[in-house]
Amino acid sequence: MRVATDIGGTFTDLVYVDQNGKVGIAKTHTTPPNFEKGVMDVIEKSGIDQKAIKTFIHGTTVIINALTERKGAKTGLITTKGFRDVLEIARGNRPDLFNVRYQKPTPFVDRYLRKEVDERLDHNGNVITSLDKDQVKEVVRYFQKEGVEAIAVAYLHAYNNPLHEKETVKLIKELWPEVAVTASHEVTKEWREFERTSTAVLNSYVKPTAASYVDRLNTKLLENDADSHNYIMQSNGGTTTFDQAKETPINMVESGPVAGIYGSAVLGEMIGEENIIAFDIGGTTAKCSLINKGEVKVSTDYYIEKNQRSAGYPIKVPVVDIVEIGNGGGSIAWIDEGGSLKVGPQSAGAVPGPVAYGQGGTEPTTTDANLITGRLSPENFDYKVDLDHVKKSIDEKVSKRFRLSTEEGALGIIRIANSNMLNALKLISVRKGYNPREFTLVAFGGGGSMHAPALAKDLGVKKVVVPVASSVFSAWGMLMTDLRHDYIQTYIKRLNEVDLEGLNKEWATMENQATKQYEDEGVEADRIMFTRFADMRYIGQEHTVKVPVPGGNLTKESIQEVIRRFHDLHEKNFTFKLVDSPTEIVNLHLTAFGRVKKPELQKLERSNDNLESALKEVRNVFYEEEGWLATDVFHRELLSPDMEVEGPAIIEEASATTVLYPGQTLTVDVYGNLIIDTGVE
């Protein structure tokens, strides 16, 4: 049996598939700060025999929470003499150019904990000044005195030659075995001093937290006599072992959300849709990503806390290209100083939750608004719902401020939330030159199917797909993922004068490193597959384009093919190409997959041909343009393949609701996915 669990801000999800291909799901409330308890709770709720679990895959928000809430370890930094302030200097990329009060983000390491030592390499990795080990010893003693819990080591040009970083780490572990240590070359071998240092620091900052969490989770699994191969979801869309996750936890920064993106690509392949907009609405956030021609875009240009007023903090590890905003089911509606209605990013979360939960929440949320407008039924909540209490909250906090009825105030909350989500969808589509009409929207998460039909119509998307088990779809996506490791090495060479023998040797070294790592993880050689890319640019440019590179030994002919691909991709990305201009490689990027057996989706059996048998009730629902409409409400589990539902309608399941608008139609495919025609011409 394969089991996947995903911790969200509000709920912890589980999906399992047994040896017969049967898929089951479960969902419980997240249990901060002891997140592993929520995992064990959802396993127990699912009713599965834990001894039967052979593969366990886990996605978690522990790392991103530790970063955003500043709950990591007290961290010290050791760096090359003269580079103490690289975190403070950062980049000249202030996003708000005309803000005279702009302040750079505060470094995660205070200046008194940033220490320099004598050592120096040139840009080719040759030693100019040897490492002064006595200075390292002195710094370690200082960090011990200051109560440091983790140390980051980032030396100049260590991406090319990690000799001094390795010597430093070895010395630290001899002097202080208990402290968590990260050398920059262990997490990234790309150039750019600030980004590389930032990544090493953030990895160290969360390393004790990650180790503690993974160990607690592993202990809980062992206590229940589990004998499974355990993996954790990474930000690149693949999985890794528990042990590796403890060493480089920064690779888990988007652990949970990317699984749904990858799952959308797998689902798209199954149903014949290669252009996908993956859209996930949870209890706290909404996430979206664009999949073009079946390709999930992965980038190392990732930032946390980057917005219109903050440059954020760079993390130079492979992360699926994703846009995330603070709008979900638990997002709180509030009035700003100017008297405008806002929704999010503050969230009621799992505790106390929306007002409807009756667990102490007092601020109206998106979930409360959907309840008042009839889109949600009180019967589908885990708690007894006091509708009068919910109405009172919306009235006092929103409706009376704008002289609106209760339902109009609730609809206002929904429309503001939709507007926020629509902006995020535009960021990954229209703003990047893609026509939304050419894409299908896959909606999942607890709130995805509730908001997607309206958003798709506004965006111009013609089709929405609500997958089976949509509320736990990210966990489902984990069941479809392979093991994955990315190896990126800065290798600056002009292609018209590249040394083919040296280039082929570099690829071989990276592939041998990947093979060795997978062997250590128990993966057979015949299950390993490599994909090569090169980050390339025209001479004199700053930024690059990622270009696919053929496997095997490269020849002069294959180099010309790579150059041709670069010109075409550069034109696609930047609308022009300079075919007579010389090109160069900046980074070599090897992706190594460890293939795992995927569960096969079972086709849905036709239980009946009578749509009326799936009808639950007729309920009044408040729509944006039409007001209150008598709306058919159907049980999703009673819908059979090829059934067709016309809007307005509501499709309900245990932990998700699909809202169909007037003029929209819904059909059920052979797998049980809901296919919505949005009415867009």
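A: Rings of Phe, Tyr and Trp (its six-membered ring) pair if their centres lie within 6.5 Å; planes under 30 degrees apart count as stacked, over 60 as edge-to-face and the rest as tilted. Here, ring pairs link Phe108, Tyr205 and Tyr313 into a cluster. The model is a predicted one, in which local features need pLDDT of at least 70, side-chain atom pairs count only at pLDDT 80 or more, and totals for chains, interfaces and linings use all residues. Residues are numbered from 1 along each chain as its sequence is written, and side-chain values use heavy atoms, with hydrogens and water left out.

Q: How many aromatic pairs does the structure hold, and why is the pair of Phe473 and Trp476 classed as it is?

A: There are 11 aromatic pairs. The ring centres of Phe473 and Trp476 are 5.0 Å apart and the planes are at 15 degrees, so this pair is stacked. Both residues belong to helix α14 (residues 473-479), 3 residues apart, about one turn of the helix; helices (H or I, at least four residues) and strands (E, at least two) are DSSP runs, numbered from the N terminus.

Q: Which parts of the chain are linked by Tyr538 and Phe566, and are these residues buried or exposed?

A: Their ring centres lie 4.8 Å apart with planes at 70 degrees, so the pair is edge-to-face. The pair links distant parts of the chain, with Tyr538 in strand β26 (residues 528-538) and Phe566 in helix α16 (residues 556-574), 28 residues apart. Buried means under 20% relative accessible area, exposed over 50%, and partly exposed in between (1.4 Å probe, protein chains only). Tyr538 counts as buried at 3% relative accessibility, and Phe566 counts as buried at 0%.

Q: Where does a charge sit over a ring?

A: The criterion is that NZ of Lys or CZ of Arg is within 6 Å of the ring centre and within 35 degrees of the ring normal. The charged end of Arg375 sits over the ring of Tyr623, 5.8 Å from its centre, and Arg595 lies over the face of Phe593, at 5.2 Å from the ring centre.

Q: What is to be noted in the backbone at Pro33 and Arg403?

A: Most residues other than glycine have a negative phi, and most peptide bonds are trans. A cis peptide bond, with omega about 0 degrees, joins Pro32 and Pro33; Pro33 lies in the loop between β3 (23-29) and α1 (35-46). Arg403 has a positive phi, near 55 degrees, and is found in the loop between α11 (387-397) and α12 (406-428). With a relative accessible area of 80%, Arg403 is exposed.
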